Amino acid sequence: MRKLAVLTGGTKGIGRATLAKFAANGFDIATCSRKEADLTVLRKELTEQFKVEVFTCAADLSLPGGAKVFTEYVRGLERPIDVL
């Protein structure tokens, strides 16, 4: 099993660049963003380019309960987290 990197806000800017770097080094990815469409594009690109698993969750961390949604999603993966 590959290592897992978990990062919020992975569809744009520094978050996306960071996830791409981890994926390029063989890490599976778990990330969240507000927009499901952006997550779908990210998952497709990273999976095709780096052949890793990309787990995504639509969650708005600026809203009450948003962090809990993402936390529960990651916990539900039942995998050890190597980078947070």
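1. Let's start with the lining of the largest pocket: by class, it has three nonpolar, four polar and five charged residues. Here Ala, Val, Leu, Ile, Met, Phe, Trp, Tyr, Cys and Pro count as nonpolar, Asp, Glu, Lys and Arg as charged, and the others, Gly among them, as polar. Keep in mind that this is a predicted model, where local features need pLDDT of at least 70 and side-chain atom pairs count only at pLDDT 80 or more, while totals for chains, interfaces and linings use all residues. Residues are numbered from 1 along each chain as its sequence is written, and side-chain values use heavy atoms, with hydrogens and water left out.

2. Which strand does serine 33 lie in? Serine 33 sits in strand E2, residues 28–33 (a strand is a DSSP run of at least two residues, a helix one of at least four, numbered from the N terminus). Serine 33 is buried, with a relative accessible area of 10% (buried means under 20%, with a 1.4 Å probe and protein chains only).

3. The side chain of serine 33 also makes a polar contact with the side chain of threonine 11, at 3.1 Å (a pair of N or O atoms within 3.5 Å, where one must be able to donate a hydrogen and the other to accept it).

4. Now the largest nonpolar core: it has 10 residues, including Leu4, Cys32, Phe55 and Leu77 (a set of buried Ala, Val, Leu, Ile, Met, Phe, Trp, Tyr and Cys residues joined through side-chain atoms within 4.5 Å). Strand E1 (4–8), E2, strand E3 (54–58) and helix H3 (66–76) each supply at least two residues of this core. Apart from it lies another core, of nine residues, among them Ala23 and Ile29.

Notes. Buried < 20%, exposed > 50% of the residue type's maximum accessible area, 1.4 Å probe, protein only.
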